[in-house]
Amino acid sequence: MALDPVTNTAGGAASLQASGISEQDFLKILLTQLTQQDPLKPMDNTAFVAQLAQFSQLEQTQQISDGTTKAIAIQTSMQSVDLLNKTVTVTSGNGGTSSGSVTAIDFSGSAPRLTVKPTTGQTMTGVTLSQISGVQ
């Protein structure tokens, strides 16, 4: 049974951040637009409300993205904890595989790292969930 780690594939706010648009940038643009408008031809109320709605939608999308990222981190941690004391098959970088029991989990980095003790051979540390190809 192959075990695939949970990963974040949502674009959402991450893509907005990558394009350089932030809440502060949006507010600066809106403020500049209001201060530079022609007093005899003020901004159309409909356009102003539409921009505010877009800002609100951006903020909600960012909150959803943050919540999703946190949920994925929790799910990945739970997957790791479920592997404790189970025998797993680990695929190494050179294509070889070995089996052993998960004896410890390190949560200090951005992703959990497992310690796998095979029945024979040297203990493997720093094993990622993507390296696990089977659980027994």
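Two strands pair if DSSP finds at least two bridges between them. Helices (H or I, at least four residues) and strands (E, at least two) are DSSP runs, numbered from the N terminus. This is a predicted model, in which local features need pLDDT of at least 70 and side-chain atom pairs count only at pLDDT 80 or more, while totals for chains, interfaces and linings use all residues. Residues are numbered from 1 along each chain as its sequence is written, and side-chain values use heavy atoms, with hydrogens and water left out.

Q: Which pattern of helices and strands does the chain follow along the sequence?
A: The chain holds 3 helices and 5 strands. Read in sequence order, the pattern is α-α-α-β-β-β-β-β.

Q: Which residue takes a positive phi in the hairpin of strand 1 and strand 2?
A: Strand 1 and strand 2 run antiparallel and are joined by 5 bridges. Within that pairing, Val-90 stands opposite Ser-98 in strand 2. The hairpin has 5 residues between the strands, and the residue with a positive phi, near 95°, is Gly-95.

Q: What is the bridge partner of Val-88 in strand 5?
A: Strand 1 is also joined to strand 5, by 3 bridges, and the two run antiparallel. In strand 5, the partner of Val-88 is Val-135.

Q: In the hairpin of strand 3 and strand 4, what is the phi of Gly-121?
A: Strand 3 and strand 4 (residues 124–127) pair in the antiparallel sense over 2 bridges. Leu-114 has Val-127 of strand 4 as its bridge partner. The hairpin leaves 5 residues between the strands, and Gly-121 in the turn has a positive phi of about 105°.

Q: Is Thr-89 buried or exposed, and what is its relative accessible area?
A: Buried means under 20% relative accessible area, exposed over 50%, and partly exposed in between (1.4 Å probe, protein chains only). Thr-89 is placed in strand 1. Not counting residues up to four places away in sequence, Thr-89 is in contact (heavy atoms within 4.5 Å) with residues including Ser-99, Ile-132 and Gln-136. Thr-89 is buried, because its relative accessible area is 16%.

Q: What distance separates the C-alpha atoms of Ser-99 and Val-88?
A: Ser-99 lies in strand 2 and is partly exposed, with a relative accessible area of 34%. Beyond residues up to four places away in sequence, Ser-99 touches Val-88, Thr-89 and Pro-118, among others. Ser-99 and Val-88 are 11 residues apart along the chain, and their C-alpha atoms are separated by 5.5 Å.

Q: Where is Phe-107 found?
A: Phe-107 is partly exposed, with a relative accessible area of 43%. The location of Phe-107 is the loop between strand 2 (97–106) and strand 3.
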